[in-house]
Amino acid sequence: MRIATWNVNSVRQRADHLAAWLTEASPDICCLQELKCTEETFPRLEIEALGYNIELLGQKTFNGVAILSKYRIDHVTRGLPGDESDEQARFIEVEISTAKGALRVASIYAPNGNPIGTEKFPYKIGFLDRLIARAKTHLANEENFVFAGDYNIIPMPEDAAIPSQWVNDALFQPESRAKWRELLSLGLTDAIRTTTGDTNLYTFWDYQAGAWQKNNGIRIDHLLLSPNCADKLISTAIDKHVRGWEKPSDHVPVRIDVEL
DNA sequence: ATGGCGGTGGAGCACCGA
């Protein structure tokens, strides 16, 4: 089974890219972030025509997450539990049935958190705490799960081309990175890091200042695997070439193959 | 780099992202 995540930065602007990439990579499950649209304006027909079932949590203008699945979707959780006042569309989780049992997949768009010193940063940390709580629940239930998405965390200095550029940024704050380590300490596996020793692996390049041309990127889109899923991991890939397409998203797809 | 680009809403330019 192939599972992917991609922050598309407006699914309507990126509908053609999405269709082209789904056709070439053919993921069984694809998590999308930053839809920047509601259910009503989501390009549902084009994606359904490629053989996908779709569940999404939309929002006008900002955020928005979706999961596309070639498998039937048995159950959906919209919104990350733990804060009734959170109205931002940043989390959706589905349950599907595979030949080897049930699998949960979440599409996550963690808050950016900038600028530090505003309410945005504690919102980011609070969101990550709620994500940790959900992972704990799933682990206690011995669920197979994949938490995929834009975490807005640069885990380590080697995950940035120029780490010094990020020291005052929410993505690279010690508190943000500590939440990442907390997720790993629960027993989750960073799919990319566990399958390669390469360090110049990035998933985001800013639109500004020629970041793409200089390969000045950061790795912030991640797939975290439960222990039972990590045991079945076969391979991983970052589809970097998509960043070179005409009018691209600033993020590229990341994908894994698991024996499920 | 104090935000250089790109998307949204809505018809200016403010707000957001990372």
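Start by selecting Asp-16, which sits in helix H1 (residues 15-25); helices (H or I, at least four residues) and strands (E, at least two) are DSSP runs numbered from the N terminus. This is a predicted model, in which local features need pLDDT of at least 70, side-chain atom pairs count only at pLDDT 80 or more, and totals for chains, interfaces and linings use all residues. Residues are numbered from 1 along each chain as its sequence is written, and chains are lettered from A and ligands numbered from 1 in the order in which they are written.

Asp-16 counts as partly exposed because it has 13 C-beta neighbours inside 10 Å. The cut-offs are 20 or more other C-beta atoms within 10 Å for buried, 12 or fewer for exposed, and partly exposed in between, with C-beta atoms placed from the backbone.

Next, select strand S2 (residues 29-33). Five of its five residues are buried, so S2 is largely enclosed by the rest of the structure. Ile-29, Cys-31 and Gln-33 point one way, Cys-30 and Leu-32 the other.

Show the neighbours of S2. Strand S1 (residues 2-7) runs parallel to S2, joined by five bridges; strands pair if DSSP finds at least two bridges between them. Ala-4 has Cys-30 as its bridge partner. Strand S4 (residues 65-69) is antiparallel to S2, also through five bridges, with Ala-66 opposite Leu-32.

Finally, select the open sheet of six strands, ordered S5-S6-S7-S8-S12-S9 with mixed pairing. S5 (73-78) and S9 (189-190) are at the edges, each with a single partner strand, so one side of each lacks a neighbour in the sheet.
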